[in-house]
Amino acid sequence: DVKVTQSSRYLVKRTGEKVFLECVQDMDHENMFWYRQDPGLGLRLIYFSYDVKMKEKGDIPEGYSVSREKKERFSLILESASTNQTSMYLCATQFEGQGNIQYFGAGTRLSVL
Amino acid sequence: DQQVKQNSPSLSVQEGRISILNCDYTNSMFDYFLWYKKYPAEGPTFLISISSIKDKNEDGRFTVFLNKSAKHLSLHIVPSQPGDSAVYFCAGFNTGTASKLTFGTGTRLQVTL
């Protein structure tokens, strides 16, 4: 079974704080993704990575950055958290050659006050 | 620009009946589609997929139909069970480009007793 672990289920941060969301996978998948899920908007892609030290902007990268220093770990960084970044954040992994199936973590619900 | 749309935010169906979830897309470059199911406090899980070379794919109680000319796909669940109550997302993909899925806004299905 693919295991995608997000370090926190719930986080509460203050406006202006730097926030780190961590995602670790145990299946040696090349591709990793960060999404946010908001009511009425579905899942929107923030950033993704095909390999270590590689990153690509998704559809809504503003206000976020990412880091992938090791294949199994993909971090999402909010440089200066704002209230409009309150959301559910979902990490996913994908194995090249296994079609387009992505495997998701349980999510981190972030509240920025 | 919402390339994948699920126009029904919610759907209620009686146990044992058919559930039909609809999805429309605008990007004619999509050639592969997936359905995901999401329970509260869990990440989305892959349910079923279909390639654009097919118009139907079946897996147990779940069948996905694709109408390319109408840019429309639907997920049929027969018979519906209470455990099917979840949010369902459809996603489109262009196999010739980077491994990005474009998700719809989701439909919340409630299966009542």
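## Disulfide bonds

A:Cys23 and A:Cys91 are joined by a disulfide, with their sulfur atoms 1.9 Å apart; a disulfide is defined as a pair of cysteine sulfur atoms within 2.5 Å. This link connects distant parts of the chain, since A:Cys23 lies in strand 3 (residues 19-25) of chain A and A:Cys91 in strand 9 (residues 87-94) of chain A, 68 residues apart. Helices (H or I, at least four residues) and strands (E, at least two) are DSSP runs, numbered from the N terminus. The model is predicted: local features need pLDDT of at least 70, side-chain atom pairs count only at pLDDT 80 or more, and totals for chains, interfaces and linings use all residues. Residues are numbered from 1 along each chain as its sequence is written, chains are lettered from A and ligands numbered from 1 in the order in which they are written, and side-chain values use heavy atoms, leaving out hydrogens and water.

Over all chains, the structure holds two disulfides. In chain B, the sulfur atoms of B:Cys23 and B:Cys90 are 1.9 Å apart and form a disulfide. B:Cys23 belongs to strand 3 (residues 19-25) of chain B and B:Cys90 to strand 9 (residues 86-93) of chain B, so the pair ties together parts 67 residues apart in sequence.

| Pair | Angle about S-S | Handedness |
|---|---|---|
| A:Cys23 and A:Cys91 | -75° | left-handed |
| B:Cys23 and B:Cys90 | 70° | right-handed |

A:Cys23 and A:Cys91 are both buried, where buried means under 20% relative accessible area, exposed over 50% and partly exposed in between (1.4 Å probe, protein chains only). B:Cys23 is buried, at a relative accessible area of 1%, and B:Cys90 counts as buried at 1% relative accessibility.
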